[in-house]
Number of protein chains: 2
Amino acid sequence: MSELLSGMKRTDMCGELDLKDSGREVTLMGWVNRRRDLGSLIFIDLRDRTGIVQIVFNEEWDSNLFSRAGELRNEFVIAVSGTVVERAPEAVNDKIPTGKIEVKVKELKILSRSETPPFLVDDSTKAADNVRLKYRYLDLRRPVMQKNIITRHRIAKVVRDFLYDNGFLEIETPMLTKSTPEGARDYLVPSRVQPGKFYALPQSPQLFKQLLMISGFDRYYQIVRCFRDEDLRADRQPEFTQIDIEMSFVDMDDVLNINEKLIATVFKEIMGIEIKLPLKRMSYYEAMSRYGSDKPDLRFGMELLELSDVLKNSSFNAFKEAVANGGCIKAINAKGCSVFARKEIDSLSEVAKTYGAKGLLWVTYTHDGEIKSSLTKYLTNEELDGILKVTSAKPGDLILIAAGEFEKTCDAMGHVRLELGNKLNMIDKDKYELLWVVDFPLLEWSEEEDRYVAKHHPFTSPRDEDIPLLDSEPGKVRAKAYDMVLNGTELGGGSIRIHTREMQKKMFNILGFSDEDAQSRFGFFLEAFKYGVPPHGGIAYGFDRMVMLLTGSESIKDVIAFPKTQNASCLLSGAPSEVDTKQLEELHIKLDL
Amino acid sequence: MSELLSGMKRTDMCGELDLKDSGREVTLMGWVNRRRDLGSLIFIDLRDRTGIVQIVFNEEWDSNLFSRAGELRNEFVIAVSGTVVERAPEAVNDKIPTGKIEVKVKELKILSRSETPPFLVDDSTKAADNVRLKYRYLDLRRPVMQKNIITRHRIAKVVRDFLYDNGFLEIETPMLTKSTPEGARDYLVPSRVQPGKFYALPQSPQLFKQLLMISGFDRYYQIVRCFRDEDLRADRQPEFTQIDIEMSFVDMDDVLNINEKLIATVFKEIMGIEIKLPLKRMSYYEAMSRYGSDKPDLRFGMELLELSDVLKNSSFNAFKEAVANGGCIKAINAKGCSVFARKEIDSLSEVAKTYGAKGLLWVTYTHDGEIKSSLTKYLTNEELDGILKVTSAKPGDLILIAAGEFEKTCDAMGHVRLELGNKLNMIDKDKYELLWVVDFPLLEWSEEEDRYVAKHHPFTSPRDEDIPLLDSEPGKVRAKAYDMVLNGTELGGGSIRIHTREMQKKMFNILGFSDEDAQSRFGFFLEAFKYGVPPHGGIAYGFDRMVMLLTGSESIKDVIAFPKTQNASCLLSGAPSEVDTKQLEELHIKLDL
């Protein structure tokens, strides 16, 4: 028997009591969420991770107990025993699941006291972010945070069960490893035993999961921590969690098929939503062309339309040149927006320019049937008719147009589309639109590095029919790469991998690695390619983001128990922190400030 | 359709085919394990993770196919289609599950070739450890390694399912965190954004899991990577995996009860062995006294026996002093060992001395009924009779005796016991003896540091009835700590934690931390204790060791996919390695060699 709990043993969780429990003797333990005094009555909302139940002290039943209840303050931890009773009809609280009952307390033990917390443990807290993070253990007590973390746990379980049932082995890969190449900046860990040498924390287990395929494990998965020492954007964390999957003896369809089943299972189990399979599969080219994004949001239409045919001979230079240089002329029909003020159009124009368009042109089809345009003097009647026809314009519509290099123009118009979608409330927040984007380019030209870089990573296989282009037109080679997209966000991405040594070496060459460089960075990996490599491919999902989307959270910090701030600090523990000189000496390093 | 696999689609796994499949057309993919040529026949053992199946090429069926089969070498990766046929009775191979059938091949595709591997992929490999580690992907192809890693995966699943079903939430804790105090040496990670500051990789998520209890999550678990930068003993790894568990509103019995159910479930599911519950619970004192170990191996008897009563007035000084100083006199009856040569006794004596005994005394009761002893001249007849009686000595037995300080003497005799148990083959390798060791001392005196250190860790609660001793005799205070022991190895250990700020501060005081020190290292943790802490406790299991014991592996390296060597190197990837000066500059450190 524990003196700690005075022999009291919890019989029930607060949030699970209901009318069916009326008359039962129960023992509950939890936090005081709120105390209300009503003369000879004290009401306490008692909270645990399942929810809240009202417990009652009555001076008339036990004045000693009543006076002890008077000591209780918010966030005290208590154990109580008592009887579940039905509330009087007028006292029923429909806002909480336990609102039909309350517990008449017969025994109270204060397990731990609390000072007044720096903010109220309540979903509607107005506490600043940094206060929430410093007192994270209080923030995490809020029901919405409890729900997020519990949902995260449930998603992990659904994923694990599905993968287990489908023959995937959970195998752990090293955290103290060698620098991952072609990626972001590594976090380094100095070695004490080997002076001057360093481990790198993994940016992903990419090489190791491929080595597991080479080891014959056939199907692998891991929900695994990864690290990137990058300047943090709003919703990035220096350490993040990835659902990492790899399988052997498969082609792209096999990977896509099983992965969409996985995601459909998650939606079914967690959201109660049936996702219709197979998912839509859209080429990178089509996604860019129609939605101006390689992660198109399909919750609304307002697609990008192609005006090249109509305007290829336009007297407007930008149009003519765009078409002549193999670019495009993209239009959006903003239905019913002919009434937009000049200022509104200007702000859309700013969006387009931010993403690389030279400008945004407009044609207004007023409710009176009048046509106004920034282009009037350049357009022939025929061209104008063509524009109205391609965009199915009706009186009241606003047509927005941009022209130029294909990717840049599509991207800019894609952002204009999203801006409009939000502005016009076209996006149904309860809708979940999933699709695969496939046929990504294998390479993209980096102006900065003056060389091709891998669009996905250097282990991605080109499409077989494009292999001949590797030498002649590398920029045109499509990859066996795929992204799963949900509501305009990338949930995960992957590829079929190169599985021959020759192709892998060729790829390193195309990426501009010297033989020596390739050898020092990937020598051990290329060596493995000598001894029988199965065709294989896989995918990785950003788990934090997945949980964020499925819980409807605004920030990734709301689905991670102990997240870091934008300068990679843990405000709770104070990491990173200074360390003893002795520790640094042992690691054969010194500060260089 | 994939050109890669020429549209072939795997229908079956090699090791799962059986007589019931006779007549079926199948497509298999895997590695060439062995090729045998018999005139116009070629037999290939084809291997995947499920096992091996024999496939046959016959020159008479298809001479073109036959000649391509002639190209095959060990570790080539191939896809084959063909018909499952029953083997002739004389060709049946009882050594493999698929030995009753073989596959007549109609189609062959070589997916990837292999050079001659540096060692044969076979359980009986004689390859040196460092070669196995360098070519880990070949080593992992060996059936015994496949089995180990698959069993590891299965154990993780059983553990997760059990904990899920019992309301434990899987919650991830940070990897980039603050130095864990009172532990081993930390691995440090320099911060780029905050010059001069460092993260530490976690030695365990101890503080975070307690903070999760303070956050109200009630039940937590994680299978989590931990790190210790210690000089590696034979079977330690710099990174290792822990099953980490914590629960709120519990006393010790609650933790023990659910954890022994967990372990029994693992034994049932993985080994098919029923563990009888509740497990034996033995105090630290009893374990030391009877088995000379805080992790007693109960697979055999030969307990330590106490001779203090018999020898307290002995003329042999060591005996008299031991008893007078509160120590002990411990004996072991090595049944039937009266025939031991002097050399054999000497070597046991060496064991005793290695573990701190001053010497090992002996009494031989020969088969002729004669008594010989290193002590003859010191023992009265009465004392000798007493020894024979307490040890139930019979003709043929050898009695070994040591005396001195309690813990040191028990420990030394415990090792003598283990040595004898092995030497005499008393240990049944198929037996699994589980127990709890409880009531550990809270503190132990460190000669080195000249202060008390925590036996478990500084967050462990003392037993309530021993709290008054904290000031007067801290060394006598027992902790609410417990270890689960399997066959003489610690599987896991844990404790009920301190849950009040006052006691936690007192504990830091007893451990000799200045207020300032406690504040800088644990300030954030003590701060959390201000806001309502539930009574809580937990446990952590060494997952690698658990898998090692359950797979009967000799080394922990055999149950980790990519382990490190004794100097913390990964021979496969070459980690740790040198890094660019630029990387170090960004991290504000330089080498100090």
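## Around S495(B)

Setting aside neighbours within four places in sequence, S495(B) touches H456(B), H457(B), T460(B), K480(B), A481(B), Y482(B), G537(B) and G538(B). The model is predicted. S495(B) sits in strand 21 of chain B, residues 489–496. Its relative accessible area is 0%, under the 20% limit, so S495(B) is buried.

Two side-chain polar contacts involve S495(B). One runs to the side chain of T460(B), at 3.1 Å. Another runs to the side chain of R497(B), at 2.8 Å.

## R497(A) and the annotated site

In chain A, the side chain of R497(A) makes a polar contact with the side chain of S495(A), at 2.8 Å. R497(A) lies in the loop between strand 21 (489–496) and helix 14 (501–510) of chain A. R497(A) counts as buried because its relative accessibility is 2%.

R497(A) also carries an annotation. An unreviewed UniProt entry gives the feature "binding site" at E182(A), R228(A), H456(A) and R497(A).

## Helix 7 against helix 12 in chain B

Two packed helices are described by the angle between their axes and the distance between the axes. Helix 7 (residues 284–291) of chain B packs on helix 12 (residues 406–423) of chain B at about 55 degrees. Their axes are 7 Å apart. The two helices of chain B are therefore oblique to each other.

Helix 7 of chain B contributes Y284(B), Y285(B), M288(B), S289(B) and Y291(B) to the contact. Helix 12 of chain B contributes F406(B), E407(B), C410(B), D411(B), G414(B) and R417(B). The residues of this contact comprise six nonpolar, two polar and three charged.

## Backbone exceptions

Most residues other than glycine have a negative phi, and most peptide bonds are trans. Several places in the model depart from this pattern.

The peptide bond from L277(A) to P278(A) is cis, with omega near -5 degrees. P278(A) is in the loop between helix 6 (252–271) and strand 11 (280–283) of chain A. A575(A) and P576(A) are also joined by a cis peptide bond, with omega about -5 degrees. P576(A) falls in the loop between helix 16 (543–551) and helix 17 (581–586) of chain A.

D218(A), not a glycine, has a positive phi of about 75 degrees. D218(A) belongs to the loop between helix 5 (206–214) and strand 9 (219–227) of chain A. D218(A) is buried, with a relative accessible area of 3%. N425(B), also not a glycine, has a positive phi near 55 degrees. N425(B) lies in the loop between helix 12 and strand 17 (434–438) of chain B. N425(B) counts as exposed because its relative accessibility is 70%.

Notes
Residues numbered from 1 in each chain as written. Chains lettered and ligands numbered in written order. Predicted model: local features only at pLDDT ≥ 70, side-chain atom pairs only at ≥ 80, totals over all residues. Heavy atoms only, no water. Axes fitted to C-alpha atoms, helices over the stretch in contact; angles between N-to-C directions. Helix = DSSP H or I, 4+ residues; strand = E, 2+ residues; numbered from the N terminus. Parallel < 35°, antiparallel > 145°, perpendicular 65-115°, else oblique. Contact = heavy atoms within 4.5 Å. Nonpolar A, V, L, I, M, F, W, Y, C, P; charged D, E, K, R; others polar. UniProt positions renumbered as here; feature names shortened; annotations may be inferred. Buried < 20%, exposed > 50% of the residue type's maximum accessible area, 1.4 Å probe, protein only. Polar contact = N/O pair within 3.5 Å; in protein donor to acceptor, adjacent residues only side chain to side chain.
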